[in-house]
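Here is a short briefing for a first look at this model. Start with the sequence and the fold as shown.

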Amino acid sequence: MSEEETPTRLTAWVRGRVQGVGFRWWTRSRALELGLVGSASNLADGRVEVIAEGSRDHCQRLLSALRSGESPGSVEHVAERWSDPKGGLAGFVER
């Protein structure tokens with residue numbers, strides 16, 4: 001299995017005007033198109049936390065989409081953390 005196909009977990013924290021603008025729905029749509037599982041959740045400090053598991057390539061493509069400027073609202077910064085997948089996720093949900 002190549003590194004691009006290796007299962008991984010991406011956690012991304014998105015800062016900007018990303019709550020109340022359809023950002024989580026948009027993120028869910030991109031993730032499902034890529035075959036990823038996970039969630040997009042509003043945080044109390046105004047950020048959105050995105051957790052996605054799947055192939056490294058597909059997670060990287062989701063991260064690129066989050067940074068693309070094509071999402072609803074306005075993204076100022078995306079912080080990321082890569083880790084081993086934890087599993088136990090089904091579908092991609094908005095929280």
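W13 stands opposite E49 in strand 3. In strand 4, the bridge partner of W13 is A79. The model is predicted: local features need pLDDT of at least 70, side-chain atom pairs count only at pLDDT 80 or more, and totals for chains, interfaces and linings use all residues. Numbering runs from 1 along each chain as its sequence is written, and side-chain values use heavy atoms, without hydrogens and water.

**Strand pairing**
- Strand 1 (residues 7-17) and strand 3 (residues 48-55) run antiparallel, joined by eight bridges.
- Nine bridges join strand 1 to strand 4, also antiparallel.
- Strands pair if DSSP finds at least two bridges between them.

**Overall fold**
- The chain has two helices and five strands, in the order β-α-β-β-α-β-β from the N terminus.
- Helices (H or I, at least four residues) and strands (E, at least two) are DSSP runs, numbered from the N terminus.
- The C-alpha trace spans about 40 × 25 × 20 Å along its principal axes.
- Of the 95 residues, 35% count as buried, meaning under 20% relative accessible area with a 1.4 Å probe, protein chains only.

**S71**
- S71 sits in the loop between helix 2 (56-66) and strand 4 (74-83).
- S71 counts as buried because its relative accessibility is 9%.
- Leaving aside neighbours within four places in sequence, S71 is in contact with F23 and W26; contact means heavy atoms within 4.5 Å.

Key:
Buried means under 20% relative accessible area, exposed over 50%, partly exposed in between (1.4 Å probe, protein chains only).
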